[in-house]
Amino acid sequence: MTDTAPLYDIRDGRFARLIHPHARLDRLWTGGRWCEGPAWFPAGKYAIWSDIPNDRVMRWDATDGSVSVFECPALNQNGHAVDREGRLIRCEHRGRAVTRIEPDGTRTVLADRYRGQRLNSPNDVTVHADGSVWFSDPTYGIDSDYEGVAAEGEIGAQNVYRIGPDGALEAVIEDLRQPNGLAFSPDGSVLYVSDTGITHDPACPPEIHAYPVLADGTGVGEGVPFCRCDTGVFDGFRLDRAGNLWSSAGDGVHCFAPDGTMLGRIAVPETVANLCFIGPARNRLLICATSSVYAIYVNATGL
């Protein structure tokens with residue numbers, strides 16, 4: 001961004017209360033090929049993210065601003081989450097699996113097959129309050145050797161799955177072309193999922209869909225479109241405690257109210273892939289944008 005380029009695009013008065021007019025967009029690091037999958041570890045005061053084509057996971061230390069390689073090789077990891085016990089949950093493109101890193105550093109495979117067939121390439125992941133792990137499984141990691149290993153899909157579908165606390169794996173959403181980012185509403189009653197299927201089908205609208213979570217938490221009801229992207233696609237996103245949805249897009253970060261109204265945009269000079277809230281108050285956005293990682297303070301508290 002240039003000094004004269006506007007940082008904020010306020011489309012609804014509510015957005016003005018969610019930003020700090022004098023906040024600065026800080027570039028924390030650059031040098032990646034496709035930065036994705038950020039996650040915040042409050043106990044360690046650090047964040048990680050994937051640099052998928054370079055097959056590494058990077059680590060930013062909030063205490064001194066240093067950036068280092070957290071893991072390499074990394075099985076072309078994409079999305080990450082932190083579970084209720086502070087353990088790292090990983091989506092591995094090359095491993096074609098969802099895994100968990102235990103306190104002693106060992107790798108536990110949570111899911112790598114559905115009904116005996118290998119998953120495509122798990123992309124993004126979130127953890128429900130009941131401890132279940134939900135993840136998307138599009139084909140991006142097997143489409144070429146750039147972000148994984150080129151291969152034919154075995155399942156023949158791109159689904160969203162739930163791994164129950166008992167380890168059982170079930171497909172919970174089967175109606176999206178390329179399900180991608182996903183996150184729960186603050187009370188866990190709604191699951192939001194982005195569809196980036198336009199990368200494979202020009203007729204597929206770049207939308208985020210909202211699915212009501214069943215009362216017992218084991219699945220979802222029929223989904224409805226929540227919002228549509230006007231620049232690029234919605235990839236990864238997060239919600240704040242008030243239920244506002246902050247999403248990646250081709251021109252920055254878009255913010256939507258719980259009713260789906262677009263409130264405004266934070267301009268970022270690269271295509272944004274994903275984001276998460278960081279810091280002691282969870283009031284700073286960590287933004288993964290193509291080759292760089294940015295951060296900006298907002299007047300919202302993230303989940």
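Biologist: Which residue in β9 is the bridge partner of R90?

Modeller: The bridge partner of R90 in β9 is T99. The model is predicted, so local features require pLDDT of at least 70 and side-chain atom pairs pLDDT 80 or more, whereas totals for chains, interfaces and linings use all residues. Residues are numbered from 1 along each chain as its sequence is written, and side-chain values use heavy atoms, without hydrogens and water.

Biologist: What makes β8 and β9 paired strands?

Modeller: Strands are DSSP runs of E with at least two residues, helices are runs of H or I with at least four, and both are numbered from the N terminus. Two strands pair if DSSP finds at least two bridges between them. Strand β8 (residues 88-92) and strand β9 (residues 97-101) are joined by 5 bridges and run antiparallel; they therefore pair under this rule.

Biologist: Why are β7 and β10 called edge strands?

Modeller: The open sheet has 4 strands in the order β7-β8-β9-β10, with antiparallel pairing. Strands β7 (77-82) and β10 (107-111) each pair on one side only.

Biologist: How many bridges join β15 and β16?

Modeller: Strand β15 (residues 160-163) pairs with β16 in the antiparallel sense over 4 bridges. In this pairing, Y161 stands opposite A171 in β16. The two strands form a hairpin with 5 residues between them, and G167 in the turn has a positive phi of about 90°.

Biologist: Why is β16 described as mostly covered?

Modeller: A residue is buried under 20% relative accessible area, exposed over 50% and partly exposed in between (1.4 Å probe, protein chains only). In strand β16 (residues 169-173), 4 of the 5 residues are buried.

Biologist: Are Y46 and F70 buried or partly exposed, and how do you know?

Modeller: Y46 has a relative accessible area of 16% and is buried. F70, at 34%, counts as partly exposed.

Biologist: Why is the pair of F234 and F256 called edge-to-face?

Modeller: The ring centres of F234 and F256 are 5.5 Å apart and their planes stand at 90°, so the pair is edge-to-face. Both F234 and F256 are buried.

Biologist: Which residue lies over the face of Y46?

Modeller: R59 does, at 4.3 Å from the ring centre. A charge sits over a ring if NZ of Lys or CZ of Arg is within 6 Å of the ring centre and within 35 degrees of the ring normal.

Biologist: How do you know that S292 is buried, and which side chains make polar contacts with S292?

Modeller: S292, in strand β27 (residues 292-297), has 1% relative accessibility and so counts as buried. The side chain of S292 makes a polar contact of 2.7 Å with the side chain of T30, and another of 2.7 Å with that of E270. A polar contact is a pair of N or O atoms within 3.5 Å; within protein, one must be able to donate a hydrogen and the other to accept it, and residues adjacent in sequence count only if both atoms are side-chain atoms.

How values were computed
Phe/Tyr/Trp six-rings, centres within 6.5 Å; stacked < 30°, edge-to-face > 60°.
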